[in-house]
Amino acid sequence: MAVKRRTSWLVWLRRLTQTFFLALFFYLFLHTVYHPINRTEGPIKLFFHLDPLIALNTWLAWHTLERAMLLSTVTLIVTLLFGRWFCGWVCPFGTIHNFFTSVRGGPAKAKLAAGGYDRWQRLKYYGLGGLLAAGLVGVNVVGWLDPISFLFRSFAMAAYPAFNRGVVALFTWVYDVNPGLGAVRATLVTEPVYEFLRRHVLAVQQPHYHGSVLIGALFILTLALNFFRARFWCRYVCPLGALLGVVGQRPLVRLKTTAEACNDCRLCLKDC
């Protein structure tokens, strides 16, 4: 019973932490959008600076680092202590994949019974090696698959423009039609909401990007693959997860047992 209480507490703590960092990512992202109170100062690059894959590739390609990128050493140090904590507690893209995996229902929970690692997960390590080899010869292609870069690009070029245009079209329609809500006209409710969104969320003028349809399709595909295999991106594609997996292969704080004590009940895997 004590184990169940502790597990439940850790699960909720993890969910709260993931929610916080995902909200922080969106908040910082909105600071890069051009709206009336647009600001570019502050830690808008925080997640990029926490990303050791970007820092390592930058150093390999140009043999220099922006000072703020040294923040990525914090990620590496904590990974050495606790394993791939960044993937499960901080990474906003990982949180989104966890969410879409959770809505799978029953099949997602069956992954514990099916076992953990499978040989196809080696693909992300081969991908990591290829990306770093490219960086070593001065070709910077890490941004194609780095999860922070991939997520930011998907939102900046596809998801956010679609959201922006959809919201503007909806509120414009309500303003033009102005349907009645009982004795109250709809615009009395919607206009204050629209004004808030216009000042804090929506772009003043949404630019159009070449390739946005392709970027959006790839983003949707990565999310849809969670219904084929739980956390597909994290398991088979993510090069940052591969790097952290190498660094945190034997963390100082981890579950320990002996062959004699283990009866293969898999409760440790379930609790993790």
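**Entry 1: cavity**

I counted one cavity of 30 Å³ or more. For this search I took a 1 Å grid over the protein atoms alone, where a cavity is a set of points at which a 1.4 Å probe fits but cannot get out, and lining residues have an atom within 4 Å of a point. Grid points are joined across faces, edges and corners, and a volume is the space filled by probe spheres set on the points. I noted about 50 Å³ as the volume of the largest cavity. Its lining consists of Phe-25, Leu-28, Phe-29, Ile-44, Lys-45, Leu-46, Phe-47, Phe-48 and Phe-152. Helices α1 (2-30) and α2 (46-49) each contribute at least two residues to that lining.

**Entry 2: basis of the values**

I recorded that this is a predicted model, in which local features need pLDDT of at least 70 and side-chain atom pairs count only at pLDDT 80 or more, while totals for chains, interfaces and linings use all residues. Residues are numbered from 1 along each chain as its sequence is written, and side-chain values use heavy atoms, with hydrogens and water left out.

**Entry 3: the chain overall**

I found 15 helices and two strands in the protein chain; helices (H or I, at least four residues) and strands (E, at least two) are DSSP runs numbered from the N terminus. Of the 272 residues, 37% count as buried, where buried means under 20% relative accessible area, exposed over 50%, and partly exposed in between (1.4 Å probe, protein chains only). The chain exposes about 16,700 Å², of which carbon and sulfur atoms supply 68%. These areas come from the Shrake-Rupley method with a 1.4 Å probe; for residues, only the protein chains shown count as cover. Among contacts (heavy atoms within 4.5 Å) between residues at least 6 apart in sequence, 75% join residues at least 24 apart.

I located Phe-86 in helix α5 (residues 85-90). Phe-86 counts as buried because its relative accessibility is 1%. Neighbours within four places in sequence aside, I listed its contacts as Leu-50, Thr-75, Cys-91, Leu-240 and Leu-244. The C-alpha atoms of Phe-86 and Leu-244 are 8.2 Å apart, although 158 residues separate the two along the chain.

I then examined α14, where seven of nine residues are buried: Pro-239, Leu-240, Gly-241, Ala-242, Leu-243, Leu-244 and Gly-245. These buried residues pack against α3 (52-62), α4 (72-82), α5, α9 (123-136), α10 and α13 (232-237).

**Entry 4: second largest pocket**

I read about 150 Å³ for the second largest pocket, a pocket being an open set with protein on both sides within 12 Å along at least five of seven lines. Among its lining residues are Phe-29, Tyr-34, Phe-152, Tyr-160, Gln-206 and Tyr-209. Helix α10 (residues 147-177) gives the most to this lining, with three residues.

**Entry 5: salt bridge**

I found one salt bridge in the structure, defined as a side-chain nitrogen of Lys or Arg within 4 Å of a carboxyl oxygen of Asp or Glu. Glu-195 pairs with Arg-198, and their closest N and O atoms are 3.0 Å apart. Both residues lie in helix α11 (residues 187-200), three residues apart, about one turn of the helix. Glu-195 is partly exposed at 35% relative accessible area, and Arg-198 is partly exposed at 33%.
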